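Here is a short note for a colleague who is opening this structure for the first time. Please read the points with the model in view.

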Amino acid sequence: MSFITQIFTLAVFAIFVNNFVLSKFLGLCPYIGVSKKIDSAVGMGMAVIFVMTMASTFTWLIQEYLLTPYNLEYLQTIAFILTIASLVQLVEMVIQKTAPSLYKSLGVFLPLITTNCAVLGVSILNIQEDYNFLGAILNGLFSGLGFTLVLVLMAGLRERLEKAEVPEAMKGMPIAFVVAGCMALAFLGFSGLNF
Amino acid sequence: MKLFKEFTKGFIKENPVFIMALGLCPTLAVTSSVENAIGMGLAATFVLVCSNIFISLLKGLIPDKIRIPCFIVVIASFVTIVDMVMYAYTPEIHKSLGLFIPLIVVNCIILGRAEAFASKNSVIPSIMDGLGMGLGFTLALVVIGSIREILGAGQWLGMNVMPAGYIESPMLVAILAPGAFIIMGLLMATINLMKKKQGA
Amino acid sequence: MGYFIKLGLVLLIITVVASGILAYVNDLTKDKIADNKVKAEELARTQVLDGAVTFEQRSVTLPAEEIEPNPLKKKVEAGPREFIYYEGLDADGKLIGYTFVASQYGYSSVVKTMVGVDKAEHITSIKVIEQAETPGLGANSATAVFQQRFAKKGLDALKVDKDGGEIVSLTGATITSRTVTNSIAAGLKVLSDAIGGEDK
């Protein structure tokens, strides 16, 4: 398969077949927490794509040139999470300076990207799946895209739900989960996709 | 008596999963069987209690500005210890839980309790808080896991509990991703109903 | 400036202490972990070849396969491959059969099967030792019900019923069934050639 085909395959798999939220259950807290409005969902999604791509880059380098050569694989969790925490701190400072309105609307959810399982998850998965440097970066990018896609779709649905007549007990999170379940059902159709 | 309150609040009133909606990722991922649910719950409880102890002990020494990274290092260390010990002594469960063992480090419950409680209280209450929250988490996982395993495979802890005909073709969706979401949503709705009835 | 240095120092100390503790635990557990892997394979071998007491490893070198390099994954050494199999000997040291591991990517994961073969090159029994297929569907390939279907089958019968063979596939899991069957057939062919070549 040609280079382009491989990249395309990776993209389809990362965004649809192995969607981080709907098949792997990663990134659920922000998915439920930030998906109430389309604007904040898009902003959050962009931030997550950026952090996931950068995190994939740096954690891959750390694994390749620090942890493996010195037999320090057991320090993977600590090293990765500290890298991610620093990255998020950096992103926070940058957004605060360059787009203060976005900073305000994301609020407390921005530092929470550190605890977004999707970011740590993709970093670990890149190593497990034996991706090389380019593969790791692309996987981070596409998985982030998949997350954002589902997040924005969810926000769109929830904005509509605000106007629908939902039973009292289902309002808020319960209906969000059931809707997520229906989306997951749809995405289940992608599994078994093979080129 | 106050100590006991710190312990029991994690079970119902401030249950991390159902009431505070924390720790959602592992909740949906590992509850396809009760065995995995118990494994994850206990592993997380261990990490929670240990990190609460250390963070409570070190609370005077950690400067406020870098407290989050310090908490993270402490939590990550215990997660790595649990990971290695499970890999060595319970390899089957380690395999089923897979990626979600290192992901305990980003379980909002643990960081949340470190920030909200352990960094501001002494050791014994922190232990109680950690135990209570951890076991409350485990309880929530087992409840969800039981529903999913019984509906989706007709079993509970690997033992058949539904008639043979059901086991032949169970409601598979319950152990797959969509089922997890839907069951979670319905459970939360049920709890909302119960909260309303109590007038809470 | 001194303030930041102090912050950095505290974080550094905590991290170094944590790393030291982890290095210690790693040392304690890594042997057990390696041991578990070996034990699991040994156990699987005795389970598929009844009566075998000791196993002797043999290997054949196969010509290098035309693996299309994936530009996104790490380079796999495209050299000649080794096919490893074991001769099973009973308590008197007599050869009773062989075992090998068949491995192939199925629906959503690599499925590894331990295969036991008797001297007449028929399968004794199989055991799926690694898989992460769909729970309730492909994952049932690890159940006795499916694995029993392979007993006593020779190379000619090793295809799923849909492909004209004798192996009944799992309901709703054609791909997994086909993967397991075909990987076993491929391995059996290589084994057959290898033993045939050794015939004195």
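At what angle do helix H3 (residues 34-58) of chain B and helix H7 (residues 123-153) of chain B pack? The points below start there. Keep in mind throughout that this is a predicted model.

1. **H3 and H7 of chain B.** The angle between H3(B) and H7(B) is about 165°. Their axes lie 8 Å apart. An angle over 145 degrees counts as roughly antiparallel. H3(B) and H7(B) are therefore roughly antiparallel to each other. Their crossing is right-handed. In the contact of H3(B) with H7(B), 18 residues are nonpolar, ten are polar and two are charged.

2. **H6 and H7 of chain B.** H7(B) also packs with helix H6 (residues 108-118) of chain B. The axes of H6(B) and H7(B) come within 11 Å. They cross at roughly 150°, and that makes H6(B) roughly antiparallel to H7(B). This crossing, too, is right-handed. On the H6(B) side the contact takes B:Ile109, B:Arg113, B:Phe117 and B:Ala118. They meet B:Pro125, B:Ser126, B:Asp129, B:Met133 and B:Phe137 in H7(B). By type, the residues of this contact are six nonpolar, one polar and two charged.

3. **B:Tyr166.** Look next at B:Tyr166, in helix H8 (residues 164-168) of chain B. Which residues does B:Tyr166 contact, leaving aside its neighbours within four places in sequence? They are B:Ile150, B:Leu151, B:Gly154 and B:Met171. B:Gly154 is twelve residues from B:Tyr166 along the chain. The C-alpha atoms of these two residues are separated by 6.5 Å.

4. **H3 and H6 of chain A.** In chain A, helix H3 (residues 38-67) packs with helix H6 (residues 117-128) at an angle of about 40°. Their axes are 9 Å apart. H3(A) and H6(A) are therefore oblique to each other. The crossing is right-handed. H3(A) brings A:Val51, A:Met52, A:Ala55, A:Ser56, A:Thr59, A:Trp60 and A:Gln63. H6(A) answers with A:Ala118, A:Val119, A:Val122, A:Ser123, A:Asn126 and A:Ile127.

5. In what order do the five strands of the open sheet of chain C run? The order is E1-E2-E3-E4-E5, and the pairing is antiparallel. Strand E1 (54-62) and strand E5 (123-130) of chain C stand at the edges. Each has a single partner strand, so one side of each is left without a neighbour in the sheet. From one strand to the next, the twist averages 25°.

6. **Strand pairs in chain C.** Strand E2 (residues 81-89) of chain C pairs with strand E3 (residues 95-105) of chain C over five bridges, in the antiparallel sense. Here C:Gly88 has C:Gly97 in E3(C) as its bridge partner. E4(C) and E5(C) also pair in the antiparallel sense over five bridges. C:Met114 stands opposite C:Lys127 in E5(C). E4(C) and E5(C) form a hairpin with four residues between them. In that turn, C:Glu121 has a positive phi of about 60°.

7. **A helix across the sheet.** Helix H1 (residues 2-48) of chain C lies across E1, E2, E3, strand E4 (110-118) and E5 of chain C. H1(C) runs at about 155° to E5(C).

8. **Chain A with chain B.** How many residues does the contact take from chain A and from chain B? Chain A gives 35 residues and chain B gives 36 residues. The area buried between the two chains is about 3000 Å². Carbon and sulfur atoms give 88% of that area. In chain A, A:Phe25, A:Thr115 and A:Phe177 lose the most area to chain B. Together they make up 21% of what that side buries.

9. **Chain A with chain C.** This contact takes 20 residues from chain A and 13 residues from chain C. About 1500 Å² is buried between chain A and chain C. Carbon and sulfur atoms give 59% of the area. In chain A, A:Gln6, A:Tyr74 and A:Asn132 lose the most area to chain C. Together they account for 32% of what that side buries.

How values were computed
Residues are numbered from 1 along each chain as its sequence is written. Chains are lettered from A and ligands numbered from 1 in the order in which they are written. This is a predicted model: local features need pLDDT of at least 70, side-chain atom pairs count only at pLDDT 80 or more; totals for chains, interfaces and linings use all residues. Side-chain values use heavy atoms; hydrogens and water are left out. Axes are lines fitted to C-alpha atoms, for helices over the stretch in contact, and angles run from 0 to 180 degrees between N-to-C directions. Helices (H or I, at least four residues) and strands (E, at least two) are DSSP runs, numbered from the N terminus. Angles under 35 degrees count as roughly parallel, over 145 as roughly antiparallel, 65 to 115 as roughly perpendicular and the rest as oblique. A crossing is left-handed if the near helix is turned anticlockwise from the far one by less than a right angle, and right-handed if clockwise. Ala, Val, Leu, Ile, Met, Phe, Trp, Tyr, Cys and Pro count as nonpolar, Asp, Glu, Lys and Arg as charged, and the others, Gly among them, as polar. Two strands pair if DSSP finds at least two bridges between them. Contact means heavy atoms within 4.5 Å. Buried area is the accessible area (1.4 Å probe) that two parts lose on being put together, summed over both.
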